[in-house]
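Visitor: Could you walk me through this model, a piece at a time?
Guide: Gladly; here it is.

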Amino acid sequence: MSDIAAEGPIPGDAQPHQGLRGAPSYLTAEHGLAAWFLTTDHKRIALLYAAALTVFFFIGGAGAVAIRMELFTPQADLLSADGYNRMFTLHGTVMVWFFLVPSIPNTFGNFLLPLMIGARDLAFPRLNLFSWYLFIGAGALLVYALVAGGVDTGWTFYTPFSTAYSQSYVMAAALAVVLVGFSSIATGVNFIATVHMLRAPGMTWFRLPLLVWALYGTSLVIVLATPVLTLVLLLIVAERAFGLPIFDPAYGGDPLLFQHLFWFYSHPAVYIMILPSFGVVSELVTCFSRRQVFGYTFMVYAILWIAVVGFLVWGHHMFVSGQSLYANIVFSFLSFIIAVPSAIKVFNWTFTLYRGQITFDAPMLYALGFIGLFTLGGLTGLFLASVPIDVHVTDTYFVVAHFHFIMVGGAVSAFYGGLHFWWPKITGRMYPDVWARFAAVLMFFGFCFTFFPQFIMGFLGMPRRYQVYPPEFQIWHVLSSSGAVLLACAYLLPMGYLAWSLIWGDRAEEDPWKATGLEWRTSSPPPRDNFRTMPAVDTGPYFYHPDKEGPRHDEPEAHQNQGRET
Amino acid sequence: MSGGQEALREPWDSLRRQREAASFGTWLFLGSEALLFGGLMMAFAVNRVLHGDAFAAAGHETNVVYGTVNTLVLLTSSLTMAVGAEAARAELRKLALVGLSLTLVFALAFLIIKGFEWRDDFRQHLFPGPNFKLQESAARIFFAFYWVMTGLHGLHVTGGIAVIGWITWQAWTGQRALRSPAFEAVALYWHLVDIVWVFLYPLLYLGGRA
Ligand code: HEM
Ligand SMILES: [Cu+2]
């Protein structure tokens, strides 16, 4: 082992000393409610976010349960037509803006970004806390809208329904989304400034771990896309509250203008939701195959490419809206272009696995599941980007399956993968491995059971957003709803054993996975100021084996942490 | 570097870096704001193309005197803001306080003038509703944009007044060191509020009079 380490490009400290044992961690440094609710420690704020997001995951999940129960039979059994509309709107709104958009950035991003670049905190710690309070305020407003009677427009708020006809609490919900948007923007600004200004000595741009790059790209998209959503929702509020007829066709207003502006945000937003999980998966795949990432620079450019081109494809949501055929062709073409960087990433993860020393730890199982499910979701995106197919499957379950493969099979799996991977760092405890692997496999199968049938019934013509349907589709719906039970178990199970591990789990070492990121060269959980001494960096990330040499296959490779003590 | 240490905050090692970060962060936020107003102006432009005549007729109804006076007021306030921020940076306490206070005065004047204008608009039935003054239906869309644009801008002015008032008060009582990066950050924001108006003014007041 020692001779291999000596051959490494630049000597580093593969096994940082286990310092700080007994010294207070960020969890024990201060006590009392105020020390949590007024904290500016990025790690504590990450936990505050995690708590809030868990609540919203349950609320959104409850909506999903109601939908899937209703769809067991072709008739309406549980909900009125109106109630059903309110349920899927609740589900979509909560899951998109109050879970998926903030999920990885605001929990792992908050916790890890400063650690991974060797900083003491984010650039604007108080702004970070403020963004959490904005999030809570927005959440409270949304909960009010839901409890008062709900919203029935769908998460897309299409006009003129949302402005002129809907009798539900559109304004409160729209304002809640506006507020949560400001919270996202604050986080985005903070992350970008942090990456620009607080990298450790030697941590050059092309030595950044891919999770950092992914968060950086996400933040750019957040900062530039979210204000357009803010605007368009404010216009809806203006129309509902004050009767200003911006989108009202009765006076010559253009409802399609709403759709353009909405999707100008919401297509980039789908990348806000998936880019961070690209970053997480890159960390997991390299670690558990003991490989340097294949094509690091291409991975970086792919992230930036997605961030930019993501702004140019919104029209593929409007193929049947009556926009011109030329617009359709251009948007279709651009949508094919944007699939290229995603494909590059899948290709590079696969090649990272090639000849690696793969172990199937729980995080790795999640990551592998991600790669498969994301690939299917992405490929069906190409189906949808082809105008003739999209005309056929618009507003069917095919679309529903497409985006759930990416957002649930992809992003949520990556979230759980990251949760397991960094759990020892965050809490200082190890989770029970067998249970974790079982949950990961269960999640994969539960997911496929739930959503694969939706491709088939969608292609056969089952429209989305209806609670009654022709009996010939029942078999697919029953499959889907049964799968959802498995999926729900797979989501709940980790909450159980992770909570268990907080008390009975083994104490985690500093670097339990033998990983290379700077976050692994500090104690688990880290001290308030993150590092014993601020690290300096002189290599790129992912030195799981010596440069320009494949890993061996007889014994585990020595790895080399990216940083060294100063 | 007198006053430097009090202005330094976590997680920064030097005031210079902290200052760079504050303006960089503000620029990012301004980029976000640019898309907020950019989207709004884009929507306006689309409707102007769709309803050229109605927009020209409606644009004729806005009150160009109030609009022009307000443009001058706001441009001047940007000047005083720049003076205030630069003076703060150079630790010229008196000049900084004068610049900031004048900015506050101009900003309030802008809102008051705007308030008079809004009142007149109401009286002339220029708010889209049952007794709307103009015949063309698309004129209502113009005025919908008028109210949204001036309203949103007015909110930004109000926000500006709040933060400028706050840092001025802090500088006055000595709670905030003059070298704090906040002055420059707030100044940047205030210039944005000004620039947005520079776009709104021709769109709303001059378009119908060309
Ligand atoms: C690989 C590149 C992708 C392509 C080419 C693509 C293409 C499309 C197209 C053409 C539609 C419109 C279908 C229709 O309404 O008829 C669509 C819908 C959708 N996609 Fe994708 N997509 C891609 C990636 C993603 C990603 C990464 C996500 C999420 C993280 C996502 C989330 C969605 C959502 C949420 C919808 C449905 C929105 C709605 O109508 O409610 N897509 N996609
Ligand atoms: Cu899209």
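**A surface patch and a copper site**

Visitor: Which element gives the most to the nonpolar patch?
Guide: This is a predicted model, where local features need pLDDT of at least 70, side-chain atom pairs count only at pLDDT 80 or more, and totals for chains, interfaces and linings use all residues. Residues are numbered from 1 along each chain as its sequence is written, chains are lettered from A and ligands numbered from 1 in the order written, and side-chain values use heavy atoms, with hydrogens and water left out. With four residues, the top contributor to the nonpolar patch is α15(A).

Visitor: Is A:L486 buried, partly exposed or exposed?
Guide: A:L486 sits in helix α16 of chain A. Buried means under 20% relative accessible area and exposed over 50%, with partly exposed in between (1.4 Å probe, protein chains only). At 31% relative accessibility, A:L486 is therefore partly exposed.

Visitor: Which residues coordinate the copper ion (ligand 2)?
Guide: Donors are N, O and S atoms within 2.8 Å of the metal (3.2 Å for Na, K and Ca), and water is not among the atoms, so sites may look incomplete. Along the chain, the donors follow the spacing H-x48-H-H. At 1.8 to 2.0 Å, the copper ion (ligand 2) is held by A:H267 (ND1), A:H316 (NE2) and A:H317 (NE2).

How values were computed
Helices (H or I, at least four residues) and strands (E, at least two) are DSSP runs, numbered from the N terminus.
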